[in-house]
Amino acid sequence: MKKINQKDYANYVNEKIPKPKIVKNCIWAFLVGGLICTFGQVITNFVIKYGLDKKAASTATPVILIFLSALLTGLGVYDKIGKRAGAGSIVPITGFANSIVSPAMEFKREGFVLGVAAKMFTVAGPVLVYGIGSSVFVGILYLLLKK
Amino acid sequence: MAHKRLGKQTVKLQNPPSIIATSSIVGPKEGEGPLKNFFDQIIQDDLWGEESWEKCESKLQREVVKLALSNAKIVESQVDFLLAGDLLNQIIASSFAARQLAIPFFGLYGACSTMAESLSLGSMLIDGGFADKIACATSSHFSTAERQYRYPLEHGNQRPLTSQWTVTGAGASILSSSGGAPYITHVTTGKVIDPGIKDANNMGAAMAPAAADVIVQHFKDTGLKPSDYDLIITGDLASIGKEITEELIAKEGYNVSNVYSDCGIEIFDNKKQDTHAGGSGCGCSAVVFNGYVYKQLLSKKLNRVLLVSTGALLSPTSAMQGESIPGIAHAVSISNIIS
């Protein structure tokens, strides 16, 4: 067979790839993502009603959401939600919790030190590194410009 | 002078070895697929009583070899070599299976081309007079492959439409210097071909040129035509890779559309089982060949088959370093009739 031109082949393959249903996926992401955020608001209102002030409520809400996401991950439900919702369930804080709990569960068999602890941040680690890193950078910038 | 060679890449076996028995064990999902009636055993869950998926995969391979031996009515001590491989780092599924089988062992790595690779080497060893009985085996496991190559199982991500589903299963063939049909008549060994695909979720496209190349070379070397075959079946190219392979072969002047299929397409009902492009993994061509195809050969519904197991030679490290995915494919010609 003749040698394949990699550029031509890449174009040829791209034509063969089935196109994802973008509109349908967006609707799913919007609905599920919106639902998670609305649920967060429900929790906030609920805890305020039972006597927490606004600052304490904004701590309690993510704690509860993270707990529920971890629970659903453990029960094997969150990945099924994520399959439909895509970014809708990855972007909210529940998705972040899922990305930490799922490798922790998966690598339990390699032990609590080299498995769970070491692998826990394989998915979420980059987000933490660059998230915290950029906040430090912006903080320094803010301090310098303010003076 | 190597008098058994034919053309550039093919070996014509002078005393074609018999495939005297096969065996296949699959996971629960494969056991719900269209070929469920052809497998020897379907396990009920993906751990099969083991503590980890890796141990389960190793058990799959160990048990499938034992099952093949009992199907062939022979014992371990009668087997001269075990040729086996898998996808796990350092092929632990195979070597850990071999540690409990008292058979001299050669570990192979050809990614998902291992079934055809082991049959190729096994038949040449027998034809060369180096062995009388050889066991060829391979396995894959959805969960071991996912954690090695992709995301944790419970991670809520979306699989692209080009992605494939790694088959949980193991298959084994017993080759013998004496015995009846079917026989392995030709072996065409493939070259590593890299068409430059970097997307690890599109392995069908990465392997298709290697598959097309070895099939075309097989025709050129042997003088056989597509119509000489009842079935030409590739390993795990799935829907996109199969279409590309067929078109690449057609460009070389061979029309295989009437006889060509792919194990990755046969094993799952993609729509019902949500497997996207189809099945993959060493186990894919292993269970389809040792389960379905072998039984069709025995019942003479198929008389001449070209098995072309296909492998994507990537590693998690090479993918992270931005390397493209080289493909490999090996063709084994199996026939009920020897001329």
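B:Phe268 touches B:Lys29, B:Glu30, B:Pro34, B:Trp165, B:Val167, B:Gln273, B:Thr275, B:Gly278 and B:Gly279, leaving aside residues up to four places away in sequence; contact means heavy atoms within 4.5 Å. This is a predicted model, in which local features need pLDDT of at least 70 and side-chain atom pairs count only at pLDDT 80 or more, while totals for chains, interfaces and linings use all residues. Residues are numbered from 1 along each chain as its sequence is written, chains are lettered from A in the order in which they are written, and side-chain values use heavy atoms, without hydrogens and water.

- B:Phe268 sits in the loop between helix H7 (263-266) and helix H8 (270-273) of chain B; helices (H or I, at least four residues) and strands (E, at least two) are DSSP runs, numbered from the N terminus.
- B:Phe268 counts as buried because its relative accessibility is 2%; buried means under 20% relative accessible area, exposed over 50%, and partly exposed in between, with a 1.4 Å probe and protein chains only.
- B:Val167, one of the residues that B:Phe268 touches, is 101 residues away in sequence and 9.3 Å away in space, C-alpha to C-alpha.

**Two domains of chain B**

- Chain B is assigned domain 1 (5-176) and domain 2 (183-335), with bounds from an automatic or database domain assignment.
- The centres of domain 1 and domain 2 of chain B, taken over C-alpha atoms, are 17 Å apart.
- In chain B, 64 residues of domain 1 are in contact with 63 residues of domain 2.
- About 4,900 Å² is buried between domain 1 and domain 2 of chain B, with 61% given by carbon and sulfur atoms; buried area is the accessible area (1.4 Å probe) that two parts lose on being put together, summed over both.
- The count between these domains of chain B is 1 salt bridge, meaning a side-chain nitrogen of Lys or Arg within 4 Å of a carboxyl oxygen of Asp or Glu.

**Chain A against chain B**

- The contact takes 33 residues from chain A and 36 residues from chain B.
- Chain A and chain B bury about 2,800 Å² between them, and 57% of this is on carbon and sulfur atoms.
- A:Met1, A:Glu106 and A:Arg109 supply 27% of the area that chain A buries against chain B, more than any other three residues.
- There are 5 salt bridges between chain A and chain B.
- B:Glu247 forms a salt bridge with A:Lys16, with 2.7 Å between the closest N and O atoms.

**Backbone features of chain B**

- Most residues other than glycine have a negative phi, and most peptide bonds are trans.
- The peptide bond from B:Ala181 to B:Pro182 is cis, with omega near -5°, and B:Pro182 lies in the loop between E9 and strand E10 (183-188) of chain B.
- B:Lys73 is not a glycine but has a positive phi of about 55°; B:Lys73 counts as exposed, at 73% relative accessibility.
- B:Gln90 has a positive phi near 60°, and B:Gln90 is exposed, with a relative accessible area of 66%.
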